[in-house]
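Here is a short note for a colleague opening this entry for the first time. The points below cover charged pairs and then aromatic rings.

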Amino acid sequence: MQLNQEVSLYIHSCFAFAAGQLHIRLPGVMTRLYSAAAAALLYTLAVLFRTSLSVGHVPMLLWSSQRLQWNPYAALHEGHIVSAQELTVLLQPFTQNSRNLILFLQDMLSIDDFTYLSESYGNKNPFQNVQEILQSSPSSLALPAVDCEAIRHLLSFLQESEDWNLTNITSLNVSQLEVNTPKPNLLVIQLQPFVSGLNEISTLEAIAENDKIIGRLTMDLQERGINFSVIYTAVRPSRISRRTVVVGELRRQLMATEEEDSLSYSPLNVTAGNDTCILFYASNFSLKTSSSVFIDLTNATFVTPTVDTSSSECSDSNTTLSLKYTRPVNGISSLEIRFLMTNKFYEGSARNWSTLDSVEIVQDGEEVAKFNVSVISAPAEYSSHCQLVGTSNLYPARLIPSNEAKNWDVFISRFQIQGFNIENNQFSYASDCTGFFTPGIWMGLVTSIVLLWILAYGIHMIMQLTTNSRFDDPKGPSLSVPQTE
């Protein structure tokens with residue numbers, strides 16, 4: 001937003017300067033004509049600048065087991081981005097005629113993923129089930145570009161449009177869904193997150209797993225004879241143009257600064273008396289058990305908090321964030337997750353550092369599954385931020401399992417936590433867990449060292465070159481060189 005304002009001010013100042021120069025040099029009617037032309041040109045440049053700086057849009061796929069009527073053609077011309085108001089009109093058939101509405105929400109997705117991932121890996125089509133369902137459904141609609149701002153408020157709009165019976169499904173079993181209810185059903189399913197840009201094979205596998213989830217749930221509802229409508233979309237795009245990336249990398253935007261305005265919900269806070277002693281936030285917080293049961297804790301922790309934090313402990317040297325959930329999914333009666341942090345003084349840096357030492361999971365009061373944490377630390381006055389935290393080897397901040405923890409998989413995105421020195425109930429400046437020496441820096445250093453060694457060796461060899469001490473004179477006697485010399 002600040003960057004857009006700066007661009008607008010710059011363009012307006014250029015327009016004022018150009019108009020002033022034109023008024024000085026061109027008299028009468030010609031002055032007004034050139035001023036109008038300059039105004040039109042600069043206005044066009046302003047629109048182009050703002051268009052290029054707008055970050056994102058995501059695809060949205062809609063289908064229904066019933067035949068629905070809508071007129072999407074006015075909003076689907078090439079290059080058009082569906083706004084929140086237009087999306088409201090398009091979704092009216094879904095909200096008015098559906099007794100069972102399912103929202104599949106993924107963390108990242110772009111329209112290019114459907115073609116790039118399908119064409120790059122031969123016979124592996126990660127969207128096979130989705131494509132077959134779209135082709136066989138009586139009603140279907142594909143929106144290539146929907147504004148991320150509209151997606152951010154999608155759940156709120158759906159809740160306000162009808163008196164829904166809201167259900168958050170975190171497992172693959174929908175047999176507990178009650179069809180004959182006085183209220184229509186709204187099912188929200190948070191799909192498994194994936195890492196975009198780190199490893200395309202892992203991205204392909206994650207999307208394929210989500211595709212299987214959509215296929216199994218859809219097949220289950222069809223076998224039960226339930227009429228339903230589906231919305232499949234994502235929170236943010238997975239592929240951003242180079243121009244947008246350059247603009248986005250001008251400054252680090254963590255939750256402590258500009259990114260705070262884009263949050264869809266507030267962080268979880270734990271109080272000790274009247275003071276806040278722990279702040280915790282994540283855009284996606286989910287687990288997977290050894291039996292492949294997916295547990296999404298995002299809504300229960302942040303959106304509509306039902307989590308119990310009464311067992312959390314706060315002190316100047318040790319802090320424990322305890323999150324207790326009652327029946328998060330079928331088959332698990334209780335689940336507790338603990339984040340253990342310490343605050344220690346280190347003589348090397350002459351300051352206190354807060355460190356997330358371990359994460360513990362306790363299911364149904366049984367044995368504790370413990371994870372050791374790597375690289376999540378910050379000065380005691382700061383908060384700790386990591387883009388991805390989990391058990392995967394691809395994540396920059398890993399949870400290293402020990403004992404029974406090998407039976408669990410953890411996925412946390414946009415993780416931020418602070419357990420000490422909280423002021424005004426807000427996160428302090430965020431210290432990112434990404435190390436200074438990234439793979440790109442190491443590659444540059446190694447290459448530079450090899451090239452410098454080759455240069456030094458070449459200079460050394462050139463310096464060892466010597467000339468003859470005597471030369472042959474063609475007019476004189478032949479030069480003889482004794483064998484002893």
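1. Is Glu-381 buried, partly exposed or exposed? Glu-381 counts as partly exposed, at 39% relative accessibility. The cut-offs are these: buried is under 20% relative accessible area, exposed is over 50%, and partly exposed lies in between (1.4 Å probe, protein chains only).

2. A word on the basis. This is a predicted model, where local features need pLDDT of at least 70 and side-chain atom pairs count only at pLDDT 80 or more, while totals for chains, interfaces and linings use all residues. Residues are numbered from 1 along each chain as its sequence is written, and side-chain values use heavy atoms, with hydrogens and water left out.

3. The whole structure holds 5 salt bridges. The term requires a side-chain nitrogen of Lys or Arg within 4 Å of a carboxyl oxygen of Asp or Glu. Glu-381 takes part in one, with Arg-351, at 3.2 Å from N to O. Glu-381 sits in the loop between strand 16 (377-379) and strand 17 (383-390), and Arg-351 in strand 14 (residues 351-363), so the pair ties together parts 30 residues apart in sequence. Arg-351 is partly exposed, at 32%.

4. Helix 7 (residues 148-152) carries another pair, Glu-149 and Arg-152, 3 residues apart and thus separated by about one helical turn. Helices (H or I, at least four residues) and strands (E, at least two) are DSSP runs, numbered from the N terminus. The N to O distance of this salt bridge is 3.1 Å. Glu-149 is partly exposed at 36%, and Arg-152 is partly exposed at 33%.

5. Glu-209 and Arg-216 also form a salt bridge, with their closest N and O atoms 3.9 Å apart. Glu-209 is partly exposed at 27%; Arg-216 is partly exposed at 39%.

6. Now the rings. The count is 10 aromatic pairs. Rings of Phe, Tyr and Trp (its six-membered ring) pair if their centres lie within 6.5 Å; planes under 30 degrees apart are stacked, over 60 edge-to-face, the rest tilted. Phe-280 and Phe-285 are edge-to-face, at 5.7 Å and 85 degrees. Phe-280 is buried at 0%, and Phe-285 is buried at 1%.

7. Phe-285 also pairs with Phe-339: the centres are 6.3 Å apart and the planes at 50 degrees, so this pair is tilted. Phe-285 is in strand 9 (residues 284-288) and Phe-339 in strand 13 (residues 332-346), 54 residues apart. Phe-339 is buried at 2%.

8. Which residues do ring pairs link into a cluster? They are Phe-280, Tyr-281, Phe-285, Phe-302, Phe-339 and Phe-415.
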